[in-house]
Amino acid sequence: MAQTLVKGTVVSANDSEPMIGVAILENGTTNGCITDMDGNYSISLQNSNATLTVSFVGYKTQTINVNGRNKIDIRMQEDLKVLDEVVVVGYGVQRKSDLTGAIASVGGDDIKNLATVDAGAALQGKAAGVQILNTSGAPGEGAKIRIRGYSSNSDQLGPLLIVDGLKVDNIQYLDPSMIESMEVLKDAASAAIYGAQAGNGVVLITTKTGSSANGRPKITYSFKAINQRLGKTPELFGAKDWIKYKEMSGYDMKTMCEANGVDYNNPQETDWIKEVFDTSWATQHSVTFQDGNDKGHFFTSINYIDNDGIVRGKKDTYTRLTAQLNADYQLYKWIKVGTNTSIEKWATRNITHQSAYGSMLAPALLLDPLTPVYWDSVDDFTTGMKDVYATNPEKILVAPNGKYYATSKFQMDDNGNPLLQLDRRNYKNSGFTVRGTAFVDLTPIDGLVMTSRFSYRIAQSNSHDYSEPYYMNGQAKADNYSISANANNSHYYQWENFANFNKTLFDKHNIGVMIGMSYTEDRSDNVSASATGTGGNKILSGDADNFKYLDYVNSASTTTKSIGNLPGISTSLSYFGRLLYTFDNRYSLQINYRADAFDTSKLPIDKRWGKFPSLAVGWTISNEKFIKENISSDIISFLKFRASWGRNGNVNVLNNYPYTAPISYNAAWYQYGDNPEQYYGSYPSGLANPNLKWETSEQLDLGLDMRFLNDRLTVSLDYYNKNTKDLLVKINPVPEVYTNQTTVNAGKVNNKGFEFEAGWKDHIGDLAYSINANFSTLKNEVTYLYDDIPRITASKGGVDGTNNKVHTAFEEGNSIWYFRAFDYVGVDSETGAPRFRNREGKIVNSSELTDEDMTDIGSAIPKFTYGITINLEYKGFDFTAFGTGVAGNKIFNILYRADSPLRNSLRYYMDNAWTPENKGASMPAPSQVATDLNFWGSSASMFNGSYFKIKQLQLGYTLPKKLTQKVAIKNLRFFVSLDDFFTFSSYPGMDPETATTGRNGGAGFDIGSYPTMKKCSFGASFSF
């Protein structure tokens, strides 16, 4: 019989790349072939009307009728079915269809083109129930992750971070382009396999392997140039408005201006925000090498970042060089080895902010607009500066332009001049970290994989600081020279051995079993040294920059030196296991169990073991006969109900032997009898508590996963209720004990809420598009606090030195760290005086208030978080729009001080002020509240913190391959992107996203924080 020769080329429909190794089989025979390096194939058929089956892993299998043709080119479509995709879980993987817990999966494609270089920040808006806190927009500042609320009165609220099996201290070093997938274990059942460290959730990150592009090695280079500038500008007073507002406050501004040399009618205006912030550039470079075959894979990525922040000068910079080296090799069918290694070298300089004293950003918001930036002459000085200049002229610092820094003559500002605080800042920090994992997988029998994995983290960092005396006024000054340096070294390793057995029995019974153990050891050895000169005496042997190191500290009697060093070690031992059973792809049961023990630096020997079980069930309703027989799979593709319960711990709150009563050695003076001589004495620093234990969380989760219309529409719903108990609280024992405090387990917190995720993916002709959205709610409440403690309070004003009565509190029946202040209810329409509600519910004047009238006025914790992503692709063009927001949270602006009323402040208080012509105003007459501590410590200073940010608008274009292949380039893409460019918020301050402090109990206080930069990015990437 004459044979028919059929030839052709097989390419990917996604990018038209030739595909290697595609199987082509003539139906009904054993006759077949595979495509070559260029995607070409050739097959001799016994029948010219034969049917071909074309298949490749990850792509839809095609059946093609030859119909006498001799040339057939084939385009392979990716298989978008997601039910049999696998996701990473603790010590293994699972099919998505078998999941019974609440796991949010974010793929590398979801974050690959984001502007951020921080893996944590890349999660923002991508998963329901996950909140990303950017407490500072400064270069090099990492994002903080919160999963399903806030469960502790401590600052240990972040999740456990695991990268390629290694527990890491942060994920800021990971460029999103290196990430294959991120799984967020949100419910306790999913996270229970990590036991005592999983009380705040778990983030599992898998970096990319060396999977080649359609069987070909691939080299990719990408470049990005980012223009950065200030985003949202605060609504502060200009010169004339500031004069007007202070006159409304009762001040004779004409006389004051004349006394201070200011033209009252035509004042010269200083825009301090423009003086401090400027446009800047950041650059990013990335080179990636990858290859692979059926024996092994390798992936190498080198990334470099150079970011100069938007504060003028070079005092806020961040540089980072990272390399990711991943490789695996199948030595034999039964043994596989591999390693993942990350190398990071970084350096940063930063400016001071989120503080009342020594801050660079606070005076940019607080200095009056009549004060110039510089003075030309000593004659312009304030009286205090002239006095100091006459005796110690070196304390009056000279700016780089040869002029003198100016400060306000209307007020005594805490910081003097923002540019002075910027220029005198000499802090530098740098480090080098290596993180790695090496593993061996043994497969002695089908379905059983035994893994031994050794992981390590070696980190070293150094910091240097130097400051000189200066004087601007009685508060903005430093009398002495000081220098300090720190060298921090840490070595962490973990050794884990575990086995996974997965088998399908009799076609309907899927069984998965995992059992393992883990040992960790964490060592640190940090050295610090400093020197301070008293009486303004110098401490170094030279003044040049190369003398500003500890080696040049002099030995004068006026120089005080200090050295600190205390090595530390902590260890843990764990045993864990998991059982998963699925019947007929309909009913699933999963049980997890982990037992953890830590060394005695955390808990006593008889209390250091913790047991953490979990139970989860799932029902795949769409696989039931009554669904299959009555509803087309084209309508309902997948429907599953799941429920889980589990217990986790938070061991991070325990350290430094908190259950003991260490002796404070030679910490006090004692006098014996009538002898007047004093002797060193020692005493217990606290009262021992041998019953202390770690915080424990128990969580219930109910979920529903749905997919419709051939998986084009996906919907996921979750309800969770999380109770955390045994919070650590410090109490004061009775006086007879003669110790200051002891630590007890005396608090409970509840977090509960709903989560909703939805996605739609489809195409119209050549236009492919997808829309993904998520929305979550959170209700947070302290449900118990030790009976003898009415509440725990944090620093007034969020930070020390603000002289504002407001503070945050931890109290039963309220949200964790709520704002406690006076309840402002409005204005007396006849007098313009402020009105308040006291603790009895009566409306009173400010003079009638006492501190007992302070109450819960709101919280910095959002009640709602949400995000939306839109992707469009049309021929060579691609477009991404991504936005995220929060609602229900509050911001307390503490910039105004009643004891220093001539500061600048928000124009909001004048725009909404009571006047005889505007008696329906929301704010009182300025003259009524200019020096009223109660008013500025009330809800009148609290604002709605809700915002929506368009985090990214990106347009890209990929050149046609028929053009790029002529110059040996596989793929060439150009793009332009607007990132963090648009913010929608009613907050009159700077950036509602970063209007906070990073201190425990200091969330939501705005005292001048580095804002998020809005960016315009230009870039290109090409591969060959």
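Asp507 lies in the loop between strand 28 (482–505) and strand 29 (509–533). Strands here are DSSP runs of E with at least two residues, helices are runs of H or I with at least four, and both are numbered from the N terminus. Asp507 is exposed, with a relative accessible area of 74%. Exposed means over 50% relative accessible area, buried means under 20%, and partly exposed lies in between (1.4 Å probe, protein chains only). The phi of Asp507 is near 70°, a positive value in a residue other than glycine.

The model is predicted: local features need pLDDT of at least 70, side-chain atom pairs count only at pLDDT 80 or more, and totals for chains, interfaces and linings use all residues. Residues are numbered from 1 along each chain as its sequence is written, and side-chain values use heavy atoms, with hydrogens and water left out.

The chain holds 14 helices and 58 strands. Its radius of gyration is 32 Å, close to the 31 Å that the globule rule gives for 1024 residues, so the chain is as compact as a globular protein of that length. The radius is taken over C-alpha atoms, and the rule is 2.2 Å times the number of residues to the power 0.38. Along the principal axes, the C-alpha atoms fill a box of roughly 110 × 70 × 65 Å. Of the 1024 residues, 52% count as buried. Among contacts (heavy atoms within 4.5 Å) between residues at least 6 apart in sequence, 70% join residues at least 24 apart. The chain exposes about 45000 Å², and carbon and sulfur atoms supply 53% of this area. Areas come from the Shrake-Rupley method with a 1.4 Å probe.

Helix 4 spans residues 239–248, and its buried residues are Ala239, Trp242, Ile243, Tyr245 and Lys246. Seen down the helix axis, these residues fall within an arc of 165°, so they line one face of the helix. The arc is that of the directions from the axis to the C-beta atoms. Their cover includes helix 5 (253–259), helix 11 (908–911), helix 12 (926–929) and helix 13 (933–936). Just after helix 4, Gly250 takes a positive phi of about 105°.

The loop between helix 11 and helix 12 contains Ala913. This residue counts as buried, at 3% relative accessibility. Leaving aside residues up to four places away in sequence, Ala913 touches Met248, Asn918, Ala921, Met923, Pro924 and Pro926. Ala913 and Gly832 are 81 residues apart in sequence, and their C-alpha atoms are 8.5 Å apart in space.

Ala809 sits in strand 45 (residues 807–810). At 0% relative accessibility, Ala809 counts as buried. Its contacts, not counting residues up to four places away in sequence, include Arg791, Ile792, Thr793 and Trp817. Trp817 lies in the loop between strand 45 and strand 46 (818–821). Trp817 is buried, with a relative accessible area of 14%. Its phi is near 50°, a positive value in a residue other than glycine.

Another loop residue is Asp98, between strand 9 (92–95) and strand 10 (103–107). Asp98 counts as buried, at 8% relative accessibility. Beyond residues up to four places away in sequence, Asp98 touches Leu580, Thr582, Ser588 and Lys640.
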